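Colleague: Please put the model on screen. I would like to go through its sheets and its ligand site.

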Amino acid sequence: MSSILGTYKRRDVSFSEGKGVYLTSTAGEKYLDFVSGIAVNSLGHCHPYLVEAIKKQSEKLWHVSNVFTIPEQERLAKRLTDNSFADFVIFVNSGAEATEASIKVARKYFFEIGQPERNRIITFEGAFHGRTLAALFAANNKEHTLGFGPRVDGFDQVPFGDHEALKKAITKNTAAIMLETVQGEGGVRVVPDYCLKPLRKLCDDNGILLILDEVQCGIGRTGKLFAFEWANVDPDIVPIAKGIGGGFPIGACLVNKKVAIGMKPGTHGSTFGGNPLAMSIGNAVLDIILKKGFLENVQEVGNYFEKELKELQKKYSNVIEQVRGIGLLRGIKLKIDNNKFLDHLFQNKMLAVKAGDNVVRLLPPLIVEKKDIDEAIRIITKTCSEF
Ligand SMILES: *Cc1c(COP(=O)(O)O)cnc(C)c1O
């Protein structure tokens, strides 16, 4: 019996090695990995450049404390702000911590400007913001919150895509609207550009803040450094995590200078957040993602993947109901049980992960090539033919 508390339903397989888009199991079987640690291994497994970066830094310095100035952290923050709407960054260790920090920044901003009654945040059905208490009740997924009451107050939820309900939900107590630019866990649902632009305007008209959770869809996943760039909008606060560490736990909260005013010394902290080891790896990930042509390639391969998946949908309309997503954040909504499909996919030596709404999520590393997509399509085709 395992001594791990059973909070996960785990597949009975373990891996001993990873290289690029492939994982090798302890039984010696090779799998095409389109999970990427759930959009975490952005550069695939054991990317030589990241291996070199972690080796180098691990021989110099791992951890000090945020009571000291950390040059690697200054550098990563500068690069994230230079390449986005943001003026400042808070470093943490996970996505949930990044969304929690975002909530704190929003509330503290209104406190600071003398409107402490503005402390509620509007969220959307199907959202996922992490498993800490506030993030849990912000997303309000009934399966996730069950038994964890009393509910954390301060969140008002509206249906995904219901513009009228959203407008009605705004009150004099609303501080912010928080949503994922692309819902990941909820079923790979993209918020279209024609919604994001009016959403920004709605926030401006009502003097409230826009928080875009890019923990999953940020850091190149959609073919832009941040998914909101597609709509040409500037949010106020953006939590990121998954892809920025390439497999090392890093989270961050990006904010503009307007909302930053409340966050004075002592208002937030993290023992581990932004330590030299983590920051060196984050910088190495950016070295590659920000290289000229890298994101264009993500777009190109992502479009190719979409085209091929849509062909498959035509051929196997009995299995695939819809192809969703953008860039290399893809999903297929199925007409058959997604768990069953994933079991078959696994038997055929490909790894993917489920999402809400009976979707199978396909999250290859951003270094994936067309030949790997062809291999994925071959396996998905075989899997479809089994139903
Ligand atoms: C994964 C995820 C989180 C939570 O990240 P953790 O690192 O698991 O805490 C938050 N928001 C979104 C959109 C995510 O996909």
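Modeller: Four strands make up an open antiparallel sheet, ordered 13-14-17-16. Strands are DSSP runs of E with at least two residues, helices are runs of H or I with at least four, both numbered from the N terminus, and two strands pair if DSSP finds at least two bridges between them. This is a predicted model, where local features need pLDDT of at least 70 and side-chain atom pairs pLDDT 80 or more, while totals for chains, interfaces and linings use all residues. Residues are numbered from 1 along each chain as its sequence is written, and side-chain values use heavy atoms, without hydrogens and water.

Colleague: What angle does the direction of helix 11 make with that of strand 13?

Modeller: Helix 11 (residues 294-315) packs on this sheet and touches strand 13, strand 14 and strand 17; contact means heavy atoms within 4.5 Å. Axes are lines fitted to C-alpha atoms, for helices over the stretch in contact, with angles from 0 to 180 degrees between N-to-C directions. For helix 11 and strand 13 the angle is about 170 degrees.

Colleague: In the other sheet, what is the bridge partner of Leu32 in strand 15?

Modeller: That open sheet has four strands in the order 1-2-3-15, with mixed pairing. Strand 3 (residues 30-33) and strand 15 run parallel, joined by two bridges. The partner of Leu32 in strand 15 is Met350.

Colleague: How far is an oxygen atom of the ligand from an N or O atom in the side chain of Lys242?

Modeller: The residues around the ligand, including Gly95, Phe128 and Lys242, each have a heavy atom within 4 Å of it. A polar backbone atom of Gly95 is 2.8 Å from a ligand oxygen, and a backbone N or O atom of Phe128 is 3.3 Å from a ligand nitrogen. For the side chain of Lys242 and a ligand oxygen, the distance is 2.6 Å.

Colleague: What percentage of the ligand's exposed area does the protein bury?

Modeller: Accessible areas come from the Shrake-Rupley method with a 1.4 Å probe. The ligand taken alone exposes 380 Å². The protein's share of cover is 82%.

Key:
Polar contact = N/O pair within 3.5 Å; in protein donor to acceptor, adjacent residues only side chain to side chain.
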